[in-house]
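Subject: Structure handover

Hello,

Here is the structure you asked about. Please open it alongside this note; what turned up follows below.

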Amino acid sequence: APFGIALLAAQSSGLIGTPGLIALFVLITATRAGYHAPEGALRGFALAVMLALSAGLLLHAVPGFENPRLLDNVRLSPDSAPYTKYLNFDKGVLGLFLLGLYAPARTLRRSPAGSWLAAFWRFAVVAAMVMVLTVAVGYARWDPKLPSWWTAWLASMVFFTALPEEAVFRHVIQGGLQAWLGPAPQSRWTALAAGGVLFGLAHVGGGWIYVMLATAAGLGYGLVYAITGSIVAAALAHIGLNLLHLLFFSYPALHNVG
């Protein structure tokens with residue numbers, strides 16, 4: 001019911017048109033078939049459609065969506081690049097569908113006792129390494145601040161960035177590959193690497209330095225997911241690293257980064 005209200009409001013305000021509604025209907029159908037259909041050609045086709053639409057929605061390539069701006073060409077520091085932030089309804093809906101309809105048992109399963117503590121200190125190490133690398137390659141510098149809009153940014157980061165991206169790269173790709181390859185330790189590392197590399201490549205629009213940094217971050221989120229089996233833990237790691245970046249370093253990057 002809440003999603004139906006949101007969808008109606010989005011349509012009435014011009015945020016979603018007929019092509020977008022059709023894309024969402026196809027996504028729902030493909031996601032359900034990809035999880036419930038028996039092994040075979042139908043299931044493979046449904047998963048291919050689901051992944052293709054997921055990529056299109058993540059990259060905002062699917063027509064029929066007009067995402068509103070939360071921030072428009074804001075400069076957080078004199079030497080920072082201008083920053084524009086959209087409320088990406090297309091990505092938010094993607095995350096909702098994938099988490100609710102594709103392998104829901106995997107979404108809701110409990111983490112092993114002690115795994116969150118193990119994941120936390122690994123996240124701390126990964127976050128430190130990623131931010132040190134970010135400064136070392138000249139992508140950002142130390143720049144502590146507290147923007148007046150940080151709470152709205154955080155809500156947007158949770159629902160329109162972290163959850164959808166983790167739903168695709170950890171829940172579907174890493175979790176799906178791990179389930180398909182089996183329980184062997186090698187399978188877990190292969191699935192983790194695939195999810196991290198694809199996560200990095202999805203950020204190619206920001207340049208190859210950004211791809212490298214995003215790959216390192218994606219491998220860290222994948223490690224948290226592999227330890228806990230929890231999509232919530234992976235999303236919290238994603239949110240935590242982005243929040244550290246916003247509050248303590250140049251955001252989104254130094255203006256002269258190529």
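A residue is called buried under 20% relative accessible area, exposed over 50%, and partly exposed in between. Aspartate 72 has a relative accessible area of 44%, so it is partly exposed. Please keep in mind that this is a predicted model.

Salt bridges

The count of salt bridges comes to six. Three of them are described here, starting with aspartate 72. Its side chain meets that of arginine 69, with N and O 3.7 Å apart.

Lysine 91 and glutamate 165 form another salt bridge. Their closest N and O atoms are 2.8 Å apart. Lysine 91 sits in helix H4 (residues 89-101), while glutamate 165 sits in helix H7 (residues 150-181). The pair therefore ties together parts that are 74 residues apart in sequence. Are the two partners buried or exposed? Lysine 91 has a relative accessible area of 6%, so it is buried. Glutamate 165 is buried too, because its relative accessible area is 9%.

Lysine 145 and aspartate 143 also pair up through their side chains. The N to O distance in this salt bridge is 3.8 Å. Both residues are buried.

Histidine 203

Glutamate 165 comes up again here, as a contact of histidine 203. Where does histidine 203 lie? Its place is the loop between H8 and helix H9 (208-228). Its relative accessibility is 15%, so histidine 203 counts as buried. Which residues does histidine 203 touch, leaving aside neighbours within four places in sequence? The contacts are Glu165, Tyr210, Val211 and Ala214.

Nonpolar patch

Which element gives the largest share of the patch? Helix H8 (residues 185-201) does, with three residues. Leucine 201 has its place in helix H8. With a relative accessible area of 41%, leucine 201 is partly exposed.

- histidine 203, in the loop between H8 and helix H9

Best wishes

How values were computed
Residues numbered from 1 in each chain as written. Predicted model: local features only at pLDDT ≥ 70, side-chain atom pairs only at ≥ 80, totals over all residues. Heavy atoms only, no water. Helix = DSSP H or I, 4+ residues; strand = E, 2+ residues; numbered from the N terminus. Buried < 20%, exposed > 50% of the residue type's maximum accessible area, 1.4 Å probe, protein only. Salt bridge = Lys/Arg side-chain N within 4 Å of Asp/Glu carboxyl O. Contact = heavy atoms within 4.5 Å.
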